[in-house]
Amino acid sequence: MTKPLYKFGASACLGLALLSSCSQREKADLLVYNANVYTVNSQFAKAQAFAVKDGKIMEVGTSEALREKYSAQEEVDANGKPVYPGLIDAHAHFYGYAVNQREADLVGTKSFAEVVQRLQAHRKEHPGAAWISGRGWDQNDWSTKQFPTKDTLDRLFPDVPVIIERVDGHASLANQKALDLAGITTGNTQVQGGKVEVINGKLTGILIDRASELVYAKMPSPSVAELTQALKEAEQDLFSVGLTTVVDAGLPKEAVDLIDSLQQKRELKVRVYAMLSPSLENKSHYFKNGPYTTDRLNVRSFKVYGDGALGSRGACLLHPYADRPLETGFLLQTVQEYKDLAAELYQHNFQMNTHAIGDSANRLILQIYGNLLQGKNDRRWRIEHAQVVNPADVPLFGKFSILPSVQPTHATSDMYWAGERLGTDRVKHAYAFKALLQQNNMIPLGSDFPVEHINPLYGFHAAIARQDAKNYPAGGFQMENALTREEALKGTTIWAAYANFEEKQKGSIEAGKVADFVILDQDIMTIPPQAIRNVKVLSTYLSGEKVFGKP
């Protein structure tokens, strides 16, 4: 039996036949109704329904009004479930995440012995691979919190090069075979923007920041077919957690070209805001041709690395590390190189997005930006992470309209040991999301996956509760910098879109915008914080097309 149209069934059509007919209703491709819609418009208004045609939202309103006005090819009864704009990850590594699926997963290991066990299991699954690689270990999660050494890898894999990347991507451990292929010896330990660790005159295998590049440059690249398959599989992971747009931070031109070609053929559907790496090839091509934009790809920014990470003590600090009084971290380039690059990007009208973790790196980049931006502006230059910012420098974000792009789960991952690195006073100036938000009244949120988990709801929970998956600590970590739920939702929708110059196209459920939206099984705006990480995505839509969910 056919279900009658709500408030406008067949009998109603007959009764109004002299004035109008059902066939004269406006045509739509999709009508979502009986929903709890968070539009995230300027009033943060709620609605019950919206109509979609040609991939864009036609109108938002009540279920009764829109079902009377539109005749849709497909109707979706949301059964009162919450609907939100498609979620946007403002800082991630989609391409890297895809490639990493071929490597050993070392996330969550509780000891170096467990790392070795996983590498051995991975080798059994891929016995013919020319290299062994993996990522995700974090010595801060181990009872022995010192960096591991290569001795065990040398013994188990003497003839196969091995390199395994720390969870933050700013340190690696390589065996002797890999070091030999890269030409790394105790005599060439000076690396601009990096460090080759030598203890008692011997290589330990630890490579910090740019030193790792010496080894990775020797690894064979995956084929186009392998990359294509990896990207398509990774895309499904994105859709399964409600992500419809991802900001990919730091891509070479060949990666951008591959993503573009797959999108053009509709083999890849997810929207990508691509930050380019500042290579000579990228600068030469894009400075000559300008930004590149399609309906799914936006290329108008460069990702720059200011310093390393706090966990590997590569973050550049104003004062020494509390647990290493002789170390302050380091910049990855010279100050003049940052100034020159900023001037180039400003001249060619590209957005500059700089990774800055330590308070020294943040101060330097803020000053370099400010010297060019000269006050309020619409360049939307960003500082990625902005983890440790001296209170004296926080107002510079507002003064020069600089956007802090932060990742809430970094705070809840690092909180166990951040105080050891920074000391009790300085840690109070770390992960200060609320203070940063107040500078421009917005703060785009991301995850930095695969450094953190891909699920944006984990970041939502960390932002509002300042707790990890174990709901630790009780009462939250430095709660003075927690965000409200409204702020956290805006951070992963409309504010993230604004940071990408895309707020007119996406980020809210409003007429004229692309019909990217997600339906969840529970309302993250009302349920207890400890339940948020268990919320499931029922379906994800991109341009009105269901890309995840039951048929």
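**Strand pairing, local geometry and a pocket lining**

Arginine 135 of E10 is the bridge partner of aspartate 105. The structure is a predicted model, in which local features require pLDDT of at least 70 and side-chain atom pairs count only at pLDDT 80 or more, whereas totals for chains, interfaces and linings use all residues. Residues are numbered from 1 along each chain as its sequence is written, and side-chain values use heavy atoms, with hydrogens and water left out.

Strands E9 and E10 (residues 132-137) run parallel and are joined by 2 bridges. Helix H4 packs on the sheet and touches E9, E10, strand E11 (162-166) and strand E12 (171-174); the direction of H4 makes about 145 degrees with that of E10. Helices (H or I, at least four residues) and strands (E, at least two) are DSSP runs numbered from the N terminus, and two strands are taken to pair if DSSP finds at least two bridges between them. Contact denotes heavy atoms within 4.5 Å. Axes are lines fitted to C-alpha atoms, for helices over the stretch in contact, and angles between N-to-C directions run from 0 to 180 degrees. The open sheet has 7 strands in the order E9-E10-E11-E12-E15-E14-E13, and its pairing is mixed. Its edge strands, each pairing on one side only, are E9 and strand E13 (190-191).

Strand E4 (residues 49-53) and E5 run antiparallel and are joined by 5 bridges; alanine 51 stands opposite glutamate 59 in E5.

Strand E7 (residues 82-85) pairs with strand E2 (residues 36-38) in the parallel sense over 2 bridges, and asparagine 36 stands opposite proline 82 in E7. E7 also runs antiparallel to strand E23 (residues 517-520), to which 3 bridges join it. The bridge partner of valine 83 in E23 is isoleucine 519.

Lysine 110 is situated in the loop between strand E9 (104-105) and helix H4 (112-125). This lysine 110 is exposed, with a relative accessible area of 52%; with a 1.4 Å probe and protein chains only, buried means under 20% relative accessible area, exposed over 50%, and partly exposed in between. Apart from its neighbours within four places in sequence, lysine 110 is in contact with Asp141, Trp142 and Ser143. Between lysine 110 and arginine 266 there are 156 residues of sequence separation and 41 Å of C-alpha to C-alpha distance.

Histidine 385, in strand E21 (residues 382-385), has a phi of about 90 degrees; histidine 385 is buried, with a relative accessible area of 4%. Tyrosine 431, in the loop between helix H15 (418-426) and H16, has a phi near 55 degrees and is likewise buried, at 1% relative accessible area. The peptide bond from phenylalanine 449 to proline 450 is cis, with omega near 10 degrees, and proline 450 lies in the loop between helix H16 (433-440) and helix H17 (456-465). A cis peptide bond also joins tyrosine 472 and proline 473, with omega about -5 degrees; proline 473 is placed in the loop between H17 and helix H18 (485-491).

The second largest pocket has a volume of about 1300 Å³. On a 1 Å grid over the protein atoms alone, a pocket is an open set of points with protein on both sides within 12 Å along at least five of seven lines, whereas a cavity is a set where a 1.4 Å probe fits but cannot get out; lining residues have an atom within 4 Å of a point. Grid points are joined across faces, edges and corners, and a volume is the space filled by probe spheres set on the points. Of the 46 residues lining the second largest pocket, Val107, Val167, Ser413, Val451 and Glu452 lie nearest its centre. Helix H3 (94-100), E9, E10 and helix H14 (408-414) each supply at least two residues of this lining, and H14 gives the most, with 5 residues. The lining divides into 15 nonpolar, 15 polar and 16 charged residues, where Ala, Val, Leu, Ile, Met, Phe, Trp, Tyr, Cys and Pro count as nonpolar, Asp, Glu, Lys and Arg as charged, and the others, Gly among them, as polar.
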